[in-house]
Amino acid sequence: MREIHGWGRYPRVAAHEAHDEDLERASREPVLFRGLGRSYGDASLPARAGARVVSTTRADRILAFDPATGVLRAEAGLSLAELDRVFLPRGFAPPVVPGTEFVTLGGMVACDVHGKNHHSAGSFASHVRELRLRVPDGRVLDVSESSEAELFAATTGGMGLTGQILEVEVALKPVPSPWLRAESRAYPNIDALVEGLRETSARVPYTMAWSDSTARGSALGRGVLISGDWAEPVGAAARAWRWRAPLALPLDLPSGLIAPLTTRVFNAAVFAAQRFARPRLVGPRSFFHPLDVLANWNRAYGRRGFVQYQCVVPVDRDTRAVRRLFETLVRMDGASLVTVVKDFGAEGRGLLSFPRPGVTVALDLPMRGAATQALVDQLNDQVAEAGGRIYLAKDALTRREHFQAMEPRLARFNEVRRKWDPNGRLRSALSVRLLGDEP
Amino acid sequence: MNAALFAGTRGIGRALARQLAECGYGIALLGRDPNELERSAADLAARGAARPVATIPCDLAEPAGFAPALDAAEHALGRLDLVVVTAAVFAGQDELEADAELCRRLLELDFTNTILFCEQARVRLLAGGGGTLCVFSSVAGDRARKPVALYGAAKAGLSHYLDGLELRYRAAGLRVVTVKPGFVHTAMTEGLQPPPFASEAEPVARAALRGILRGRRVVYAPPIWRGVMAAVRALPRPLLRRSAF
């Protein structure tokens, strides 16, 4: 037994984390599956202290790949990093790439992850062809759009609560080279940044923005929009590319290091550096997962850890909703070291999937106890009122009342979950906190 | 180049099979469970194995099957350049002392049967004009210690045999690579308390591959264990008697 935690290192809970190469065997009991533990909060933690979770990371075999169609089938513990390492040099990329490579296929399905191409490609689940699932009554089922469609929809974005994901079949995307052409453009404030995302996303498949959560007044939410697409294999983009392991941060930095002042300095430096960046050719890690350069960067927040907070708010009727979130951040001193803003495209079919049309904001907040809870409560009030929602893979502090207010879809999800798991055997710390499960 | 891997579907064997496939080796997988063999063969094929991966049933508990399994591997691949043995079992000292049958089984599989398999591999590699036999022993075989008195005895015997094999047949073209891993996080060690310098299957397999390609006689994996075991071998006996390590 040891303490385990998500990527934010808050909360922590004592648990038995077992590893198994054979997920069919491991799933004979209704135990929570956990991938690489990159969800930030409590999604991969057991419902009560001392319980078991099973890490899937040793179940990492590719079971089939068809170069004609790009369709890949693999065990759920295969990591995106391994997928990139093996398939990018062969001209195939994952269809949707989240902010880190160190996630498993099963985790990507359970969280229905999104990436810089959400406006053009949707979330991960829209590229999933089939899942092999151990449902809580013990059967192993292949589920898809055409077989047990409702269970499939509940499982994509279902946070591992509808069944244990054993295998994933997903269509990879043919790409001309492993390199990308990227451009950066600075915007003076959040309104201009949101408008810039809307304009740029209409013509470029990959977009996202870094924003300075510490800027005030007329510069509120100023930011840098980064856009790009896969490069044709000419000139420098004809070079071979090789996956490299990241550097490691060998120790915890002191907990108070990332504070409003350091955050302000860091963001000003990023803004200044990016503002004059020229169009350039970059590798996939630098474009998709810049933070992966440093493994364990979460240790920079020290032992107290940090929480992520990511929400999406619709902007079609109320274009000021995003600005109001930034106003709250400044007012409540919620300096976020890395703040990401991104426009979303259409909603997918996952019953609890996060993305919906609007603008999403992701924040890294050093865990400071009650002050951080108060900030998240305040943001949640605003998000609920704006008709938005939060991303469960990032969440640690949302209250059940807020979650219910944001999720009219919850009743349908609960219904499907109850149908397949009437005794509520598959649970997590997150489902106890937000869905009212027994611990 | 062609390699036959005994227990290449799991743990370190799986990682090494992948690295060999990426180096362009033709692969034959020997193992107990046909379904596991098929899944691993598919994995290697999808990762770009040059040729179809052969799958051959073989059980470390059934020495009568060793010769036919290696014949089948040779037949499927054309010739054998490398035979890798990661097949083994592990149990703790307390468990082994309490269960004579488990103890007999561990000694039989990790010593007698592993050596019988190596003998069959030796004959075929030499008949083909030479090749490499890479066998996973353990740092536990380097010096007797309380927690691995029995397991360590089997591994010490295996290391001793491999050492002798190298002396006897090196001139005839047989390269013997003895890999001595420390604690590695795999199914074999699941649930055990990891000691210092615990490693993962992938880097251990990479160290073994380097040893194979460079023709090293003994490979400590990860390499830090060479120094650690030199120190452990130099420890005065009274100290070792008093320590739980």
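Biologist: Which residues is B:Leu29 in contact with, leaving aside its neighbours within four places in sequence?
Modeller: B:Leu29 is in contact with B:Leu5, B:Gly8, B:Thr9, B:Ala17, B:Leu37, B:Ser40, B:Ala41, B:Val53, B:Ala54, B:Thr55 and B:Ile56. Contact means that the C-beta atoms, placed from the backbone, lie within 7 Å. Bear in mind that this is a predicted model, where local features need pLDDT of at least 70, side-chain atom pairs count only at pLDDT 80 or more, and totals for chains, interfaces and linings use all residues. Residues are numbered from 1 along each chain as its sequence is written, while chains are lettered from A and ligands numbered from 1 in the order in which they are written.

Biologist: And how many residues does the largest nonpolar core have?
Modeller: That core has 200 residues, and those with the most contacts inside it are B:Leu5, B:Ile27, B:Leu29 and B:Ala208. Helix H7 (residues 201-214) of chain B gives the largest share, 7 residues. A nonpolar core here is a set of buried Ala, Val, Leu, Ile, Met, Phe, Trp, Tyr and Cys residues joined through C-beta atoms within 7 Å. Buried means 20 or more other C-beta atoms within 10 Å of the residue's own, with C-beta atoms placed from the backbone. Helices (H or I, at least four residues) and strands (E, at least two) are DSSP runs, numbered from the N terminus.

Biologist: OK, the sheet. What order do the strands have?
Modeller: In chain B, 7 strands make an open sheet in the order E3-E2-E1-E4-E5-E6-E9, with parallel pairing. Two strands pair if DSSP finds at least two bridges between them. The edge strands of chain B are E3 (54-57) and E9, each pairing on one side only.

Biologist: Why is strand E6 of chain B called largely enclosed?
Modeller: Because 6 of the 8 residues of E6(B), residues 174-181, are buried. E6(B) pairs in the parallel sense with strand E5 (residues 131-136) of chain B over 6 bridges, and B:Val135 stands opposite B:Thr178. With strand E9 (residues 218-221) of chain B, E6(B) has 4 bridges, again parallel. There, B:Lys180 has B:Tyr220 as its bridge partner.

Biologist: How far apart in space are A:Pro366 and A:Gly305?
Modeller: They are 6.4 Å apart, C-alpha to C-alpha, and 61 residues apart in sequence.

Definitions and conventions
Buried ≥ 20, exposed ≤ 12 C-beta atoms within 10 Å, placed from the backbone. Contact = placed C-beta atoms within 7 Å.
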